[in-house]
Amino acid sequence: MKNQSAKWLYITIIALILIPVSYISPWAEVITPAYALFIGLLFAFTFPNPYPKFNKKTSKYLLQAAVVGYGFSMNLHQSIASGKEGMTFTVVSVVGVMVFGVLIGYWLHLQRKTAYLISAGTAICGGSAIAAVGPVLKANENEMAVSLGVIFILNALALFIFPSIGHLAGMSETQFGTWAAIAIHDTSSVVGAGDAYGPKALEVATLIKLTRALWIIPLALVTMVIFRDKTAKISIPWFIFLFILAMIVNTYCDLPEAFVNAMTFWSKKGMVLTLFLIGASLSLKSIREVGIKPLLLAILLWILIGVSSFFVVEATIV
């Protein structure tokens, strides 16, 4: 009974703090996903989370709904034309990060499965890739927690750092969207950073990131072979196909402008709530439990993919 009371008190506090700020107050347009993440972090450090599964599940489904909603504002042909350059580099970067991650993890004397999970999270799509590959590896709770923790820390930093670097470097929206999709871990922060940079950046970043996320399937199959487990189940990100369907509907059907505008508006607000819940799920305890070696591996891989993709994007995309 006490746990249930704590759970509903926690949910009520979240609703009282964030929903009025995000939706109906004069600050509604000011609260971007980055600010929402920061508010969530402050909230997490102030209030202990009695119901962590609530944040995890709610942010997962809110993110998926927001991404599908964005699809109704995107033209399929224009999006593919804008994102095709980044898709080519995706193949090289996914394979490269996985190989270097395993090698650096061996050099650091890091646990094999932990190094593999961090590499997968950096190469593809952060927590989603780790959650999909972890059961295939039969990773234990500690290996999963450390991998998710270190990826989340860097993912949160990226939402604040990347738009500033993009503006300083004078990147176009297409360039930034491509770079963010390749170098930022989770879809949530990719979409948040793209939205902060501009509508075209959001469109390109979302398309390339979701295309990249489909690499979860071949990576899981390869993992089965490497770790010799043919009985493991693969978690397929089905919402990506709904996102593509939404783009197709918007491209070939004459949707009312009011409907498209409403979907865009609610998708942005859903992303604000998603980033707040993600921020609120982090704690000082989880940061302390990450450890130096996993964090060092994640930082080295992040520098590798971030710097290399930056120069490739600058050289190949206008």
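Which residue forms a salt bridge with Lys200, and how far apart are the closest N and O atoms? The partner is Glu203, and the closest N and O atoms are 3.7 Å apart. The model is predicted. By the rule used here, the count comes to one salt bridge.

Lys200 and Glu203 both sit in helix H9, residues 199–213. Three residues separate them, about one turn of the helix. Lys200 has 28% relative accessibility and counts as partly exposed. Glu203 has a relative accessible area of 13%, so it counts as buried, the cut-off being under 20%.

**The chain as a whole**

The chain holds 14 helices and zero strands. Read along the sequence, the pattern is α-α-α-α-α-α-α-α-α-α-α-α-α-α. Of its 318 residues, 52% count as buried. The chain exposes about 15,300 Å². Carbon and sulfur atoms supply 70% of that area.

Helix H11 covers residues 239–252, which makes 14 residues. At 1.5 Å a residue, the helix should span 20 Å. Its end C-alpha atoms are 20 Å apart, which agrees.

Which residues of H11 are buried? They are Phe239, Ile240, Phe243, Ala246, Met247, Asn250 and Thr251. Seen down the axis of H11, the buried residues fall within an arc of 130 degrees, so they line one face of the helix.

A nonpolar patch lies on the surface. Its members are Trp238, Phe241, Leu242, Ile244, Leu245, Ile248 and Tyr252. Together they have about 710 Å² of accessible area. One of them, Leu245, is placed in helix H11. Leu245 has a relative accessible area of 46% and is partly exposed.

Ser189 is in helix H8, residues 187–197. Its relative accessible area is 1%, and Ser189 is buried. Setting aside residues up to four places away in sequence, Ser189 touches Asn155, Leu159, Ile184 and Leu275.

Ser267 is found in helix H12, residues 257–280. Is Ser267 buried or exposed? Ser267 is buried, with a relative accessible area of 3%. Leaving aside neighbours within four places in sequence, Ser267 is in contact with Ala66, Gly69 and Tyr70.

Leu103 lies in helix H4, residues 76–107. Why does Leu103 count as exposed? Its relative accessible area is 52%, and exposed means over 50%. Leu103 and Ala115 are twelve residues apart in sequence. In space, the C-alpha atoms of Leu103 and Ala115 are 8.9 Å apart.

**Accessibility of the single residues**

The table gathers the values for the residues discussed one by one.

| Residue | Relative accessible area | Class |
|---|---|---|
| Ser189 | 1% | buried |
| Ser267 | 3% | buried |
| Glu203 | 13% | buried |
| Lys200 | 28% | partly exposed |
| Leu245 | 46% | partly exposed |
| Leu103 | 52% | exposed |

Terms used:
Residues are numbered from 1 along each chain as its sequence is written. This is a predicted model: local features need pLDDT of at least 70, side-chain atom pairs count only at pLDDT 80 or more; totals for chains, interfaces and linings use all residues. Side-chain values use heavy atoms; hydrogens and water are left out. Helices (H or I, at least four residues) and strands (E, at least two) are DSSP runs, numbered from the N terminus. Buried means under 20% relative accessible area, exposed over 50%, partly exposed in between (1.4 Å probe, protein chains only). Contact means heavy atoms within 4.5 Å. A salt bridge is a side-chain nitrogen of Lys or Arg within 4 Å of a carboxyl oxygen of Asp or Glu. The expected span of a helix is 1.5 Å times one less than its number of residues. The arc is that of the directions from the helix axis to the C-beta atoms. Accessible areas come from the Shrake-Rupley method with a 1.4 Å probe; for residues, only the protein chains shown count as cover. Patches are made of residues with over 30% relative accessible area and no salt bridge: like charges are joined within 9 Å, nonpolar side chains (Val, Leu, Ile, Met, Phe, Trp, Tyr) within 5 Å.
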